[in-house]
Amino acid sequence: MAVRGDVITWLGSDEVGRNQFPDADVQDLDGAFVAPGFVDSHVHVTATGLALSGLELRAAGSPAQLLQMVADHAAAHPGRPVWGHGWDESTWAENTAPSTEDLDGVLGDRPAYLTRIDVHSALASSGLRRLVPGLAAAAGFAAEQPLTGDAHHQVRAVARSLLTPDQLTEARLAALQGLAAAGIVAVHECAGPQIGGLDDWLALRNLDHGVEVIGYWGEPVTTAERARSLMAETGARGLAGDLFIDGALGSHTAWLHEPYADAPGCTGTRHLDPETIEAHVRACSEAEVTAGFHVIGDAAVSAVVDAIERVVDDLGLAAVARCGHRLEHLEMVTADQAAKLGAWGVIASVQPNFDALWGGYGGMYAQRLGPDRGSRLNPLALLASQGVPLAFGSDAPVTGFQPWATVRAAVHHRTPGSGVSARAAFAAATRGGWRASGTRDGLTGSLVPGAPASYAIWDAGPLDVSAPRDAVQRWSTDPRSRVPALPRLDENDTLPQCRQTVHRGAVIYG
């Protein structure tokens, strides 16, 4: 492969290349594997950096262990607020989080903010709660239990305000460097008023780093004029991303048609009503702006599909399809809904690692929904079969941002028949991310002459072109079709290790 400046200029055999470019600087990879750079279609950069540099709680196996980890961290960082992430009570025998009183017992008056793994609920110490005026009146407030909804958003904003600008900058840089080291050249930052606020997004947008940050702003609008002005104000690629219709299954806040199996009477939380959803899609479609929502529960999916259908009936299919509207997560979708979304050109920004973490018999999905409903989530094959474009992301810090793990999770779906082929999964993790962001030149995200020189070099094991029998194959994997092989991604295979990452001709890692 020959690169000149920031563009790939030639591909061919080694001997011909050396004759064609006798004066080139040659980088002999000695058998390493080269592939287009990955794109993570859903991240929260600052929160990811804070998780990397703060208190990691995924390893906690019980409430007592979590409290001990918090106490140890607080002792090692005297005088600083405690920021932690990753606890998951669904994996504990106790199946319950520590109380506020428990937390205060190890922290005293120290402010502490500890997010559940899905970041849709959080433990907050009394030292932090007292800093939030009117918290007890906010939706989602609980005196001794984790906070959800508006109460959680208010506490998160105050917890963020306790961090210094230097801490936040260091967190963002740590996250971006970690992403680059994972072979990721671009990310879709899902920002918004309820995430980190405008200041956080603008600070990230202005940060000088090689990983390309494509921003989406999650704030509803009601007119095309407001859509255009908000796009200009934020510099975002669309008014999409984490515009919350509902919450998450793990926190019992995803909006469901039927109650949770382990919480009778609870059907989750609805953050946006159908009228607001429709008004946002309509205004963005009229302004030719990408609209989108965070949508997980089946009631939330029904609400957004019905809203888009009303806008299609009014404005016409072309007016909607040209905008590249997108839905984040889309975990509970029927065949009929998938067919409609495919016809309307709606993009599914999905996270295969959700299934790897929470799918399967006995997993969190089965706990929350029962084994039948819990086995129907994240139907990647269904979406692909109905023509819904897929873009893969991590939702970091919710899951790790190792892209080969994402591809493997999509191939080895816990529900038979819901996986896609390795080739389709790889495309969704590379070109799919660029297409979801509006780049549809047919070049970006591939290694062909004229494409941006954005790639990663990997130490990889055996390569193959096989695919699971139950997977959707988006194109032939016959070696005679000249489809390149990919690293073998069986469940026991060691994942490729990134040696170097290059974006638009510049080395950003290695």
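Predicted model: local features only at pLDDT ≥ 70, side-chain atom pairs only at ≥ 80, totals over all residues.

**Labels and their grounds**

Trainee: What makes E18 and E19 a pair of strands?

Mentor: A pair needs at least two bridges found by DSSP. E18 and E19 (residues 506-509) have 3 bridges and run in the antiparallel sense. They form a hairpin with 2 residues between the strands, where Arg 504 has a positive phi near 50°.

Trainee: How do you know that E15 also pairs with E18?

Mentor: By the same test, at least two bridges. Strand E15 (residues 455-459) and E18 share 5 bridges, again in the antiparallel sense. Within this pairing, Asp 459 stands opposite Gln 497 of E18.

Trainee: Why is E18 called largely enclosed?

Mentor: A residue is buried under 20% relative accessible area. In E18 (residues 497-503), 5 of the 7 residues are buried, so the rest of the structure largely encloses the strand.

Trainee: Why is the pair of Phe 38 and Trp 458 called edge-to-face?

Mentor: The structure holds 11 aromatic pairs. To pair, ring centres must lie within 6.5 Å, and planes over 60 degrees apart count as edge-to-face. The centres of Phe 38 and Trp 458 are 6.0 Å apart and the planes stand at 80°, so the pair is edge-to-face. Phe 38 belongs to strand E4 (residues 38-43) and Trp 458 to strand E15, so the contact ties together parts 420 residues apart in sequence. Phe 38 is buried, with a relative accessible area of 1%, and Trp 458 is buried at 2%.

Trainee: Then why is the pair of Phe 33 and Trp 404 called tilted?

Mentor: Stacked planes are under 30 degrees apart, edge-to-face planes are over 60, and the rest are tilted. For Phe 33 and Trp 404 the planes stand at 55° with the centres 6.4 Å apart, so the pair is tilted. Phe 33 is in strand E3 (residues 33-36) and Trp 404 in helix H18, 371 residues apart. Relative accessible area is 13% for Phe 33, which is buried, and 2% for Trp 404, also buried. Ring pairs join Phe 33, Phe 38, Trp 404, Phe 426 and Trp 458 into a cluster.

Trainee: What makes Arg 282 and Glu 278 a salt bridge?

Mentor: The side-chain nitrogen must be within 4 Å of the carboxyl oxygen. For Arg 282 and Glu 278 the closest N and O atoms are 2.7 Å apart, and the pair qualifies. Both residues are in helix H10 (residues 274-287), 4 residues apart and separated by about one helical turn. Arg 282 is buried at 19% relative accessible area, and Glu 278 is buried at 17%.

Trainee: Why are Asp 109 and Arg 130 called exposed?

Mentor: Exposed means over 50% relative accessible area. Asp 109 has 62% and is exposed, while Arg 130 has 56% and is exposed. Their side chains meet in a salt bridge at 3.1 Å, N to O. The count for the structure is 23 salt bridges.

Trainee: Why is Met 1 only partly exposed?

Mentor: Partly exposed lies between the buried limit of 20% and the exposed limit of 50%. Met 1 has 41% relative accessibility and counts as partly exposed. Together with Val 3 and Leu 11, Met 1 makes a nonpolar surface patch of about 230 Å².

Trainee: What phi does Leu 330 have?

Mentor: Phi of Leu 330 is near 45°, a positive value in a residue other than glycine. Most residues other than glycine have a negative phi. Leu 330 is in the loop between strand E12 (326-329) and helix H13 (335-343), and is buried with a relative accessible area of 1%.

Trainee: Which peptide bond is cis, with omega near 15°?

Mentor: The bond from Ala 396 to Pro 397. Pro 397 is in the loop between strand E14 (390-392) and helix H18 (403-411). Asp 395 lies in the loop between E14 and H18, and has a positive phi of about 60° although it is not a glycine. At 7% relative accessibility, Asp 395 counts as buried.

Definitions and conventions: Residues numbered from 1 in each chain as written. Heavy atoms only, no water. Patch = residues over 30% accessible without salt bridge, like charges linked within 9 Å, V, L, I, M, F, W, Y side chains within 5 Å. Areas by Shrake-Rupley, 256 points an atom, 1.4 Å probe, with all protein chains shown as cover. Buried < 20%, exposed > 50% of the residue type's maximum accessible area, 1.4 Å probe, protein only.
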